[in-house]
Amino acid sequence: MLGCMADGARFGYGATLFTMAGASLGNLLLMLLSAIGLGLLVAEAAWVFNAIKWLGAGYLIYLGVRLFIAPVGEQQAAVARDLPGHHLLLKGFLIAVTNPKGLIFFGALFPQFINVEQPVVPQFALMTLIFLVLDFIWMSIYALAGKQIMRWLSSPVHQRWFNRASGSLLMGAGGALSLAKL
């Protein structure tokens, strides 16, 4: 969500659709992996959880540092114009798939709502669709909020402050993820 908010602020809602699509694809992959049992593997094999955790923490910290030192004003506008959509798509995807708690979350959430006496695949597909729609709505809210914040923070000084605050929060999220336990 913070990534969508920061991208919405820096690049606008339209460009942030790529970030949201990447995050949705990443979550979809995690849901599929959970459905085939990798959520159980991660819950049972601490080293898998820790490997994904450290990759995710490192990536969030990397993104936070990049945002912390990001250009502002005219330089930021030039970066936004030249930034290809696939870069934001990949960024959103990597943020989602490097969150080891996602596998555990989906592995723990979905079975609670599955009726084993009914066909499982349609139930799983419906829950996946509902989750993706709700997640997309929330990512949109955060992206639009980021855009509104940047209108309010229109000066380069305020943009730099926002980038540093958002970058610090991403680095903090990476640090918090590194402390996560099974």
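Which residue just after α1 takes a positive phi? Select G12: its phi is about 95 degrees. Keep in mind that this is a predicted model.

**The whole chain**

Zoom out and colour by secondary structure. The protein chain has nine helices and zero strands. Read along the sequence, the pattern is α-α-α-α-α-α-α-α-α. Switch to a surface view. Of the 182 residues, 39% count as buried.

**Stop 1: helix α1**

Select residues 2-11, which form helix α1. This helix is mostly covered, with nine of its 10 residues buried. Show side chains for the buried set: G3, C4, M5, A6, D7, G8, A9, R10 and F11. Step on past the end of α1 and you are back at G12, with its positive phi.

**Stop 2: α2 against α8**

Select helix α2, residues 13-35, together with helix α8, residues 120-152. Their axes are 10 Å apart, and the packing angle is about 150 degrees. How do the two helices run relative to each other? An angle over 145 degrees counts as roughly antiparallel, and α2 and α8 are therefore roughly antiparallel. Their crossing is right-handed.

Now show the contact residues.

- On α2, pick Y13, T16, L17, M20, A23, S24, N27, L28, M31, L32 and A35.
- On α8, pick F124, T128, F131, L132, D135, F136, M139, S140, A143 and L144.

Colour this selection by class. You get 15 nonpolar residues, five polar and one charged.

**Stop 3: α2 against α6**

The crossing of α2 and α6 is right-handed.

Show the contact residues again.

- From α2, take A15, F18, T19, A21, G22, A23, L25, G26, N27, L29 and L30.
- From α6, take G85, L88, L89, G92, F93, A96 and V97.

By class, this contact has 12 nonpolar residues, six polar and no charged ones. Leave A23 and N27 highlighted for a moment. Both belong to the α2 contact with α6, and both also belong to the α2 contact with α8.

**Stop 4: F113**

Move to the loop between α7 (100-109) and α8, and select F113. Is F113 buried or exposed? Exposed is the label, because its relative accessible area is 55% and the cut-off for that label is over 50%. Leave aside neighbours within four places in sequence, and F113 is in contact with Q123 and M127. Draw a C-alpha to C-alpha distance from F113 to M127. The value is 8.5 Å, for residues 14 apart in sequence.

**Stop 5: I149**

Finish on helix α8, where I149 is found. I149 is partly exposed, with a relative accessible area of 23%. Which residues does I149 touch, not counting those up to four places away in sequence? Select M5 and F162. M5 takes you back to the buried residues of α1.

Methods. Residues are numbered from 1 along each chain as its sequence is written. This is a predicted model: local features need pLDDT of at least 70, side-chain atom pairs count only at pLDDT 80 or more; totals for chains, interfaces and linings use all residues. Side-chain values use heavy atoms; hydrogens and water are left out. Helices (H or I, at least four residues) and strands (E, at least two) are DSSP runs, numbered from the N terminus. Buried means under 20% relative accessible area, exposed over 50%, partly exposed in between (1.4 Å probe, protein chains only). Axes are lines fitted to C-alpha atoms, for helices over the stretch in contact, and angles run from 0 to 180 degrees between N-to-C directions. Angles under 35 degrees count as roughly parallel, over 145 as roughly antiparallel, 65 to 115 as roughly perpendicular and the rest as oblique. A crossing is left-handed if the near helix is turned anticlockwise from the far one by less than a right angle, and right-handed if clockwise. Contact means heavy atoms within 4.5 Å. Ala, Val, Leu, Ile, Met, Phe, Trp, Tyr, Cys and Pro count as nonpolar, Asp, Glu, Lys and Arg as charged, and the others, Gly among them, as polar.
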